[in-house]
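Open the model in your viewer and get ready to select residues. We will take one stop at a time.

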Amino acid sequence: MRDQLRSGALTPAELMDAHIAAIERDNPRLNAFTELFLDEARAAARAPRPGPLSGIPLTIKSSLSYDSTAARRLRHSGAILLGRTNTPPFLMNYETDNSETGRTNNPLDVTLTPGGSSGGEAAAIAACMSAGGIGSDGGGSIR
């Protein structure tokens, strides 16, 4: 993606539109996101910030805030944040399912979850709704 953006073969707005289309198509059945920043993402794609991740659409685990150090560093490097992704309660379960935000489904088999605690990140990336993201691993969730 970075090479296509740098060469001009793809614009940040086109890349963002493709990811937003995937979110609109697949997130209703997957429930990977707890919060979307689509208006901010579209605006950032029209005027991308320079940096090594310029124009790349990424996500952050819902245990991180939009103004967390990790999120600020991503934005400072040019990444565009699409949203926050689902986790189990207190990040303490082997599957991403909770009573407040619902269950995240595995994009390859919706009868399964993508695991926890970074299950929303895993589902978003696997379904091409995000190019990458920030998760965390306390017990093997992203290994």
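Select Phe-33 and then Thr-85 in β3: the two stand opposite each other. Keep in mind that this is a predicted model.

Now show β1 and β3 whole. They run antiparallel, and three bridges join them. Strands of a sheet pair through backbone hydrogen bonds, either parallel or antiparallel.

Widen the view to the sheet. What is the order of its four strands? Read across and you get β1-β3-β2-β6, an open sheet with mixed pairing. Look at the edge strands, β1 and β6 (133-134): each pairs on one side only.

Move on to helix α2, residues 12-30. Count 19 residues here. From first C-alpha to last, α2 reaches 25 Å, close to the 27 Å expected at 1.5 Å a residue. Where does α2 bend? Click Glu-24: the bend there is about 35 degrees. Pro-28, a proline, follows within four residues.

Colour the buried residues of α2, including Leu-15, Met-16, His-19, Ile-20, Ala-22 and Ile-23. Further along, Asp-26, Asn-27 and Leu-30 are among them too. An α-helix has 3.6 residues a turn, so residues three or four places apart point the same way.

What do these buried residues pack against? Show α1 (2-7) and α3 (38-46), then β1 (33-36), β2 (57-61), β3 (80-85) and β5 (102-103).

Last stop: Asn-31, which follows α2. Its phi is positive, near 55 degrees.

Terms used: Residues are numbered from 1 along each chain as its sequence is written. This is a predicted model: local features need pLDDT of at least 70, side-chain atom pairs count only at pLDDT 80 or more; totals for chains, interfaces and linings use all residues. Side-chain values use heavy atoms; hydrogens and water are left out. The expected span of a helix is 1.5 Å times one less than its number of residues. The bend at a residue is the angle between axes fitted to the seven residues ending there and the seven starting there. Buried means under 20% relative accessible area, exposed over 50%, partly exposed in between (1.4 Å probe, protein chains only). Contact means heavy atoms within 4.5 Å. Two strands pair if DSSP finds at least two bridges between them.
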